[in-house]
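Please examine the sequence and the three-dimensional structure shown below before reading on. The paragraphs that follow lead through the structure step by step.

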Amino acid sequence: MDKNHYDRPLITRIEAGMPGKFGLRSELPPTTHIDGQPVAELIKTYGSPLFVFSEQTIRSIYRKALKAFTTRYPKVQFAWSYKTNYLSSICNIFHQEGAWAEVVSGFEYEKALENGVDPRKIIFNGPGKTHEELVKATENGSLIHIDHLDELYTLIEVAESTERKPRVAIRINMDTGIYPMWDRFGFNYENGQAWDALNKIMYSGKLELMGLHTHIGTFIMTANAYAVAATKMVELARALKQKFNFQVKYIDMGGGFASRNTLKGSYLPGSDTNPSFDEYAEAISSALINSHFTPDDLPLLILETGRALIDEAGYILTSVIANKRLSAGRRATIVDAGVNLLFTSFWYQHQVTVAQGVSQYREDTTLYGPLCMNIDCIRESINLPVLNPGDHLVIHHTGAYNVTQWMQFITFRPNVILIDGTGETHLIREKEGRESVSGKELLPGHLKNIRE
Amino acid sequence: MKIKQQIAISDTGFLFNPSTGESFTVNPVGAEILAMLRDGKPEDQILETVTETYAVEKKTAEKDLHEFAGMLKMFQIIDKE
């Protein structure tokens, strides 16, 4: 005779009146498949934990974002933000869709070249470009976005030594009514630094001014901030036109669009409250369209949004290692993916679902990673069904920043796979081994022998 | 393990502790274990019944029973031994 299905014995205190003002907690259905692939099979083949990217989702979100802008403004160009996710397979999906590359270091610049991006379609941002990198970018005709005056003067020297005119823009920071105001990058608009830098560029005659760039912050929850920023950019463009009879070729509004993730401390899920691409597009396009630009000389609108394009296409599959009770009786579950792989769990309440049929009994749970480090907590409180060691979980919306900011701490980074549009899986980054971590170490001769 | 005398247990898995006013729910496996505890059955007999009735290995059932007992103690449903 078949035995009955076993659920761990569970007792739950009934806490009347506990639902918050937004009602009862929602229960999410299990995620048994991703793009038609069974989660259990993916883990069996590629191991656990496992990063999974959906090509279909990347392309569909990119097209949605592009459509939101192109239906409102005639000249739009996206540049893929390498720092958000620089796995070459991911970059090349965006490049296939038509995105340029936006890089912030010599390493990323080289990677974009390696990926086959036309150097004239690489935007080189960031405060830390070296002299050699500036020479190379100048010789290649890449777009160099100047962060500070020292860089501006270095570029004038580079122009003299290479006898080439670097193609440049300046990065501008400004008050758009949001907090915190990012003023560490670029030249300030309100105090006149930006205008001063533009004057230096125009009077030097050594640099080819191409455009104006701003990046007002990250995970911006109000689209109106972009309207304010775009208006200020337009004002600078108008001043250039008026004083130098110079027409900027592009206005780069940077990135910072919020993804569907939920920030810690939010009442409502990010999927319900964060602005859509349409809202951002409406704010930016309206400011440009309603400006002094005539239809013939509207500048190209460049967007460098990263997070909002890739977050939803990334998943981490993880397995339950153990369950335990904390001192006050609270359930804690330990899984094999920690903050070493999920850097973004420091500021998001990542959606986590189970990957198999589940018990109807649920419990408030603290979800810990496997690291021997107190801060390794994926979710402080999440209502999950009863889980057993070996069960699988799916962590959602992990596509942005995690495969660039992940930490090599006490263990190795796992396989990363891509599920293509036909449902076929491809290994796009092999898991690390001891060689990946210790391979570059050098041991001085006198330290080779240790006491027996 | 002995369930406190005043605890009211329904067959469908509701518990009420009149001395604290607290109510609890248990899942079917939990309810079965509580019923056996109420009948004064010893731990090894409870384990035997659970492993015979349900698709579970003895070591898992034993581990889960200990944890369940810990929760019952914490909620003051069984007397501390």
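**A walk through the predicted structure**

A:Arg13 stands opposite B:Phe24, a residue of strand β3 of chain B.

An open sheet of 4 strands, with antiparallel pairing, has the order β1(A)-β3(B)-β2(B)-β1(B). Which strands stand at the edges of the sheet? They are β1 of chain A and β1 of chain B, residues 8–9; each has a single partner strand, so one side of each is left without a neighbour in the sheet. Within chain B, strand β2, residues 14–17, is joined to β3 by 4 bridges, and these strands are antiparallel. In this pair, B:Phe14 stands opposite B:Thr25. Helix α1 of chain B, residues 28–38, packs on the sheet and touches β1 of chain A as well as β1 and β3 of chain B. The direction of this helix makes about 115° with that of β3(B).

The contact between the chains may also be described as a whole. In total, 15 residues of chain A are in contact with 22 residues of chain B. On the side of chain A, the largest share, 3 residues, comes from strand β1. By class, that side has 6 nonpolar, 4 polar and 5 charged residues.

Attention now turns to chain A itself. Chain A is divided into domain 1, made of residues 33–52 and 312–432, and domain 2, made of residues 56–310. The centres of the two domains, taken over C-alpha atoms, are separated by 33 Å. Where the domains touch, 19 residues of domain 1 are in contact with 19 residues of domain 2. The elements that give two or more residues to the domain 1 side are α12 (402–405), β20 (416–419) and β21 (425–429). That side divides into 9 nonpolar, 7 polar and 3 charged residues.

Two of these elements are paired with each other. Strands β20 and β21 of chain A are antiparallel and are joined by 4 bridges, with A:Ile417 opposite A:Leu427. They form a hairpin with 5 residues between the strands, and A:Gly423 in the turn has a positive phi of about 95°.

The interior of the model comes next. In soluble globular proteins, nonpolar side chains tend to be buried together. The largest nonpolar core has 139 residues, and those with the most contacts inside it are A:Val52, A:Ile122, A:Tyr226, A:Ala230 and A:Ile284. Helix α8 of chain A, residues 224–244, gives the largest share of this core, 10 residues. The core draws at least three residues from each of domain 1 and domain 2 of chain A. Leaving aside neighbours within four places in sequence, A:Val52 is in contact with A:Ile34, A:Leu42, A:Tyr315, A:Leu317, A:Ile417 and A:Ile419.

Most residues other than glycine have a negative phi, and most peptide bonds are trans. The peptide bond from A:Ser48 to A:Pro49, however, is cis, with omega near -5°; A:Pro49 is found in the loop between α1 and β4 of chain A. Another cis peptide bond joins A:Tyr179 and A:Pro180, with omega about -5°, and A:Pro180 lies in the loop between β9 and β10.

A:Glu163 has a phi near 55° and is located in the loop between α6 and β9 of chain A. A:His397 has a positive phi of about 55° and lies in the loop between β19 and α12. Which of these residues is buried, and which is exposed? A:Glu163 counts as exposed because it has 6 C-beta neighbours inside 10 Å, whereas A:His397 is buried, with 24 other C-beta atoms within 10 Å.

Two further loop residues complete the account. A:Phe346, in the loop between β15 and β16 of chain A, is exposed, with 11 other C-beta atoms within 10 Å. A:Gly357, in the loop between β16 and β17, is likewise exposed, with 9 other C-beta atoms within 10 Å.

How values were computed. Residues numbered from 1 in each chain as written. Chains lettered and ligands numbered in written order. Predicted model: local features only at pLDDT ≥ 70, side-chain atom pairs only at ≥ 80, totals over all residues. Core = buried A, V, L, I, M, F, W, Y, C linked by C-beta atoms within 7 Å. Buried ≥ 20, exposed ≤ 12 C-beta atoms within 10 Å, placed from the backbone. Domains from an automatic or database assignment. Contact = placed C-beta atoms within 7 Å. Nonpolar A, V, L, I, M, F, W, Y, C, P; charged D, E, K, R; others polar. Pairing = 2+ DSSP bridges. Axes fitted to C-alpha atoms, helices over the stretch in contact; angles between N-to-C directions.
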